[in-house]
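Trainee: I am new to this structure and would be grateful for a close look at a single part of it.

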Amino acid sequence: MSDTATLTPLVNEAFTAPNGPLIATGEIQVDTGTGTLETKPRASLCRCGASAKKPFCDGTHRTSGWADAGESVPAENIAELTATGPVVFVPLPNGPLLANGPLVLQNAQKQIINKTTQTALCRCGASANKPYCDGSHAAIGFQG
Ligand code: FES
C-alpha cells in the first residue's frame, strides 16, 4: 500500500423505511436521554411515535397501523456536503429528532432527498412533511 493512500471519509446516510423507521448508517451517535451518546455504525430510529424504546424502533409500527410510504420528494437544490464526522441524533422531549452533523437523507427508494448538517426529523408520526418535523407533535400531544 502506498504511503499516500487516503481513507475515504465515511458518509452518513439515513433512509425512511416504508411504514417503518429511519435507518441510519455511517458514523452514528444517538443521545438516548441518559446523558450519554451511543456510537454505532447503524441505528433504527422510531418515526411512528409508538416505540417503547424511543428514540430507537422496537417494531411497534408493524402492529400500530401507522403508515408512511416514505416517498419524500427530493429538495430542489441539494448542496454537496463538505463537513465530515459523526451525525448526532438528539430526541427533543415531546418533539422531533434533531440530526446534527453531515447526513445524506434518502427516501424509501434510496433516492437522495437532501444533504444536511442540521435538521429536525419527525418522530411522532404525524408530520405532513415527513421525514421532517412540521410542528404537528404539539397538536397531537406527542409524549416521548
Ligand atoms: S415530531 Fe412529528 S411533527 Fe414534530
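Leaving aside its neighbours within four places in sequence, which residues is Ser51 in contact with?

Mentor: The model is a predicted one, in which local features need pLDDT of at least 70 and side-chain atom pairs count only at pLDDT 80 or more, while totals for chains, interfaces and linings use all residues. Residues are numbered from 1 along each chain as its sequence is written, and side-chain values use heavy atoms, with hydrogens and water left out.

Apart from neighbours within four places in sequence, Ser51 is in contact with Cys46, Phe56, Cys57, Asp58 and Thr60; contact means heavy atoms within 4.5 Å. Ser51 belongs to the loop between strand 3 (37-45) and helix 1 (61-64). Helices (H or I, at least four residues) and strands (E, at least two) are DSSP runs, numbered from the N terminus. With a relative accessible area of 3%, Ser51 is buried; buried means under 20% relative accessible area, exposed over 50%, and partly exposed in between, with a 1.4 Å probe and protein chains only.

One is the backbone nitrogen of Lys53, reached at 2.9 Å. Another is the backbone oxygen of Phe56, which lies 2.7 Å from a polar atom of the Ser51 side chain. A polar contact is a pair of N or O atoms within 3.5 Å; within protein, one must be able to donate a hydrogen and the other to accept it, and residues adjacent in sequence count only if both atoms are side-chain atoms.

Two strands pair if DSSP finds at least two bridges between them. Ser44 in strand 3 stands opposite Ile23, and the hairpin of strand 2 and strand 3 has five residues between the strands, with Gly33 at a positive phi near 85°.

Strand 2 (residues 22-31) has seven of its ten residues buried. Strand 1 (residues 13-16) pairs with strand 2 in the antiparallel sense over four bridges, and Ala14 has Ala24 as its bridge partner in strand 2.

Strand 4 (residues 87-91) pairs with strand 2 in the parallel sense over three bridges, and Val88 in strand 4 stands opposite Gln29. Because five of its five residues are buried, strand 4 is largely enclosed by the rest of the structure.
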